[in-house]
Amino acid sequence: MEVFFIKALQLVVSLSILVIIHELGHFVFARLFKVRVEKFYLFFNPWFSLFKYKPKNSETEYGIGWLPLGGYCKIAGMIDESMDKKQLEQPPQPYEFRSKPSSQRLLIMVGGVLFNFILALLIYSMILFAWGDNYLPLKNMKMGMTFSETFTNVGFRDGDILLKADDKELVKLNTDAFRQVIGAKYVTVDRDGVEMEIAIPTDMMQRVMRDKLGFASPRFPMVADHFRDDYSPARNAGMMAGDTIVSIDAVPTPTVFDVVEQLDSKKNSAIAVGIVRKGAPLTLTLHTDSTGTMGVYYLPPEKLFSTVQLSYGFFRSFPAGIQLGISTLKGYISDMRYVFTKEGASSLGGFGAIGSLFPALWDWRSFWMTTAFLSIILAFMNILPIPALDGGHVLFLLVEVVTGRKPSDKFLERAQIAGMVILIALLIYANGNDIFRFFNK
């Protein structure tokens, strides 16, 4: 339950930041062109608000709604989610959105998307400035990878070291490497010192989404780091930090996965654990509990293999952050084509899926990385040409610019309603997928 609340808190804080920045983009451009902004809200407030405040001599009411599905910036003279028809029945006023030139209205509508993308670039830049980029190169993972069944079925073997996708080097285990692998014609691996090529099927992404088994994980030995304070049979048996577990009941366990597999079959049992301590083999006898736990925390692969640490000064962090943001956007756009497949549609998720992106323990670097990624997603999704989204308004404005004819208020009203119905349906479907996956774990 504690993990749930930590993830939920990170989700709410992150989305609140993104919504405020998005609506601020609309607000800034509206005020720049002297368009009246009547309301600026975090979250929606049908029937009542949790908080509202209107400064003296201000035209704008600021508030927090109770329905955490976004936010809104109510701009005078514009058909939006507030569906305020009475205002549009009156003659246009100079301070209204509808009275401004199409170029100004276009900038007001793209302001939210623009601010979200700029925010992502700034966050990425500051992450690189504060923490740099520390990663474990694939070529340094000397024990190779453990692959999911989806990938072993096409020719990968546990222990393969990933080298190249087609003729492009695979640098580190991340989403870019995953996209390179599934989009390649062949992948080169180092298998027991021999380079081999593995052909990749053209429907590899569909297979991954269908099987939901993932890609690959680093193979590394279980080296004790520290022990649980409340319960640790391993420590009680004499295990020490730095010991490498090499066998369970004489069954070799060269990797963490092997140790976990053996312990899973040795619950509530007396076991003989083979270890290596400073080059010398030893055997310890201990008793596991009903979960097969030894009470050992092990070293991650980043502590066992050679990593690369890149540091960025303040000014160098900006071009690097911009490059990272653009690369992330390109990757996300590339992935979107799979949404329109059967497998992709079933993989859509709502707030549960978004919340799962955050770590179980609060970590500022992970929080800001996820927030930057969500900011890019929010920017891209909002620019899609769907009525009720910014992209829908932009589409109608571009039609007006090209044809010289402004769509009627009645048409825009009906388009807004249709768009809201589509968005609500997508919201129900995506969150329904979350619920289905939760009860079918």
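The model here is predicted, with local features needing pLDDT of at least 70 and side-chain atom pairs counting only at pLDDT 80 or more, while totals for chains, interfaces and linings use all residues. Residues are numbered from 1 along each chain as its sequence is written, and side-chain values use heavy atoms, leaving out hydrogens and water.

Let us start with helix α1, residues 2–32; helices are DSSP runs of H or I with at least four residues, numbered from the N terminus. Its 31 residues reach 45 Å from first C-alpha to last, close to the 45 Å expected at 1.5 Å a residue, where the expected span is 1.5 Å times one less than the number of residues. Just after α1, K34 takes a positive phi of about 60°.

Now follow α1 to helix α11 (residues 364–382): their axes come within 10 Å and cross at roughly 45°. Axes are lines fitted to C-alpha atoms, for helices over the stretch in contact, with angles running from 0 to 180 degrees between N-to-C directions. α1 and α11 are therefore oblique to each other. In α1, the residues meeting α11 include Q10, V13 and S14, and their partners in α11 include F367 and W368; contact means heavy atoms within 4.5 Å. By class, this contact of α1 with α11 has seven nonpolar, six polar and no charged residues. Here Ala, Val, Leu, Ile, Met, Phe, Trp, Tyr, Cys and Pro count as nonpolar, Asp, Glu, Lys and Arg as charged, and the others, Gly among them, as polar.

Next comes helix α2 (residues 102–131), whose axis comes within 7 Å of that of α1, crossing at roughly 140°. That makes α1 oblique to α2. Among the α1 residues in this contact are I21, L24 and F29, meeting α2 residues that include G111, L114 and F115. The contact of α1 with α2 divides into 14 nonpolar, six polar and no charged residues.

G111 is also where α2 bends, by about 45°, the bend being the angle between axes fitted to the seven residues ending there and the seven starting there. After α2 comes G132, with a positive phi near 70°.

Finally, α2 packs against helix α8 (residues 314–336) at an angle of about 130°, with their axes 7 Å apart. That makes α2 oblique to α8. F117, L121 and F129 are among the α2 residues here, and F314, F318 and I322 among those of α8.

Conventions. Helix = DSSP H or I, 4+ residues; strand = E, 2+ residues; numbered from the N terminus. Parallel < 35°, antiparallel > 145°, perpendicular 65-115°, else oblique.
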